[in-house]
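Here is a friendly walk through one protein model, from its loops to its core and its rings. Please keep the sequence and the 3D view at hand as you read.

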Amino acid sequence: MAELDAVVVGAGFSGLYMTHLLRQRGLSAQGFEAGGDVGGTWYWNRYPGARCDSESLSYSYSFLPEIDLAWRWPERYSEQPEILKYIAHVATALDLRRHFRFDTRVTSAAFDGAAGLWTVGTDRDDRVAARFLVMATGCLSIPNWPAIDGVGAFRGDSFHTGLWPHGGVDFTGKRVAAIGTGSTGIQSIPRIAEQADQLFVFQRTANHCVPAQNRPMDARTERAYKAAWAENREKARHSFAGDVAPEFYIDIMDLSDGELETELDRTWAQGGFYTQYPYTDLFTSREANDRVAAYSRRRIRDRVNDPRAAELLCARDHPFGTKRLCADTDYFETFNEDHVHPVDLRATPIRAIDETGVATADRHYDVDAIVYATGFNAMTGALASVDIRGADGAPLREVWAGGPVNYLGLAVAGFPNLFTVTGPGSPSVLCTMVSPIEQHVEWIDRCIAWMGDRGATRIEATGEAQAGWVRHVNEAADATLFPEADSWYVGANIPGKARVFMPYVNGLKVYRDTCDAVADDGYAGFAVS
């Protein structure tokens, strides 16, 4: 059995950067990736309309200025093929593919306390041993199939947005059922509608959604950003959301109705997450949040011709932005097309899927294809899918049965030399993802180097530090409106999953400063031997 310094699981942004840094330090590392090539979430999510909701100019590595300054993004928000092309280019430029085994899924990892090694197994019967195990498996990488009776009985074509065929799908002339109106549904439904003869959109819960205001990349904007590239990148690394956000901040409750209307008109014209960046009380004051939600619903009514359809598409059961805020391109206008039909699953729930389509409480929908836009087992799904066993043999999935516990979102007590990249308890999905990825990977790299300089072989979060961090993450979330929503942030989309708010809401800057202080203090909260 080969013995290595590290095993890295996943070949997305996280795994590639981690492998690159380990290689630069002269350490031996083996990467494993379930997909056929690099890309992570952008390898799997090829559904029509798949697009990043962070701006292209900041959704790339900051440690590769020569690539970043030369790279040309065609749009403000990049589609999946463009992002995958960028990741593939980086992997080629840094010669990273040879360190990965593709089409290989890690199935088990067990820590041998006597040897101080992780033994890692795969579905292709690989067995390797390593001092460090880095789980770079992503926050949204395990598709969630809905628990609907008869899913397997359907004789037509079935697709999940998170497992889209690499050759694409042609819906021309077909009757299509789209189940789910979260982010992937909102992006894919307009594209599917362009081809389908009839499209039935099954919605259980309306999502708050803002216009992306996507457009071809503005040459002047690109030149200005790149002229101050180093400054912009450094600012993003120490910002709240990992991006160059507005420098001014506004209390919604300080504005009159007229002033707020003008202000929201301005941010809606900017689009995307700029609709929430400037507002200090949006996630702490229900009254402030309600004012923004009311404005959002008015804008939806302006875009949808049928008043009944418009009301169905207006989110009412959770505060604005407390579920992942969706950024749309022509989503609401799609429902003005005669062949697109919204179905309210609150009023008429799905009873079953059968051989020919979808049966609800009031009728049967005969369809040729079903698209499940039902999201992911977020944050913990990929980690729980591997049989990871710590020093005492306890499976991680059992340790986390009541909700994920860890220290800094990076390490778990009882699991020495295991690191999770952008795991629960870190800002991750509340940021432009590449920024927290880089912060995590660089912190892990620094930790491993620090251990090597001191001849240390084992590092493990203490139970006391872990309990304190979990308490802090919960208290931070409870000071906001986020826990009020039945979102994937709390695991509400997965039956039986413990309801715990998983991301860290205090932002990347506070989180980075905290992690740096821990390292500067000799890795306080860790037992090192």
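Asn-417 is found in the loop between α13 (396-399) and β18 (418-420); helices (H or I, at least four residues) and strands (E, at least two) are DSSP runs, numbered from the N terminus. This is a predicted model, in which local features need pLDDT of at least 70 and side-chain atom pairs count only at pLDDT 80 or more, while totals for chains, interfaces and linings use all residues. Residues are numbered from 1 along each chain as its sequence is written, and side-chain values use heavy atoms, with hydrogens and water left out.

Most residues other than glycine have a negative phi. Asn-417 counts as buried, because its relative accessibility is 1%; buried means under 20% relative accessible area, exposed over 50%, and partly exposed in between (1.4 Å probe, protein chains only).

Tyr-523 also has a positive phi of about 60° although it is not a glycine. Look for Tyr-523 in the loop between α16 (508-520) and β20 (526-528). With 1% relative accessibility, Tyr-523 counts as buried.

## Aromatic pairs and charges over rings

The structure holds 39 aromatic pairs. Tyr-523 and Phe-526 have ring centres 6.5 Å apart and planes at 70°, so this pair is edge-to-face. As a guide to the terms, rings of Phe, Tyr and Trp (its six-membered ring) pair if their centres lie within 6.5 Å; planes under 30 degrees apart count as stacked, over 60 as edge-to-face and the rest as tilted. Phe-526 counts as buried at 10% relative accessibility. Elsewhere, ring pairs link Phe-13, Tyr-17, Trp-42, Tyr-59, Tyr-61, Phe-63, Trp-71, Trp-73 and Tyr-86 into a cluster.

Two arginines sit over tyrosine rings. The charged end of Arg-46 is 5.0 Å from the centre of the Tyr-43 ring, and Arg-363 lies over the face of Tyr-365, at 3.8 Å from the ring centre. The criterion is NZ of Lys or CZ of Arg within 6 Å of the ring centre and within 35 degrees of the ring normal.

## The nonpolar cores

Which residues touch the most other members of the largest nonpolar core? They are Phe-13, Leu-408, Trp-443 and Phe-526, in a core of 96 residues. Helix α14 (residues 434-454) gives the most to this core, with nine residues. A nonpolar core here is a set of buried Ala, Val, Leu, Ile, Met, Phe, Trp, Tyr and Cys residues joined through side-chain atoms within 4.5 Å.

Strand β1 (residues 2-9) runs parallel to β2, and four bridges join them; two strands pair if DSSP finds at least two bridges between them. Ala-6 stands opposite Ala-29 in β2. On the other pairing, β2 and strand β3 (residues 100-101) are parallel over two bridges, with Gly-31 opposite Phe-100 in β3.

Both faces of β2 (residues 29-32) are covered: Ala-29 and Gly-31 on one side and Gln-30 and Phe-32 on the other are all buried.
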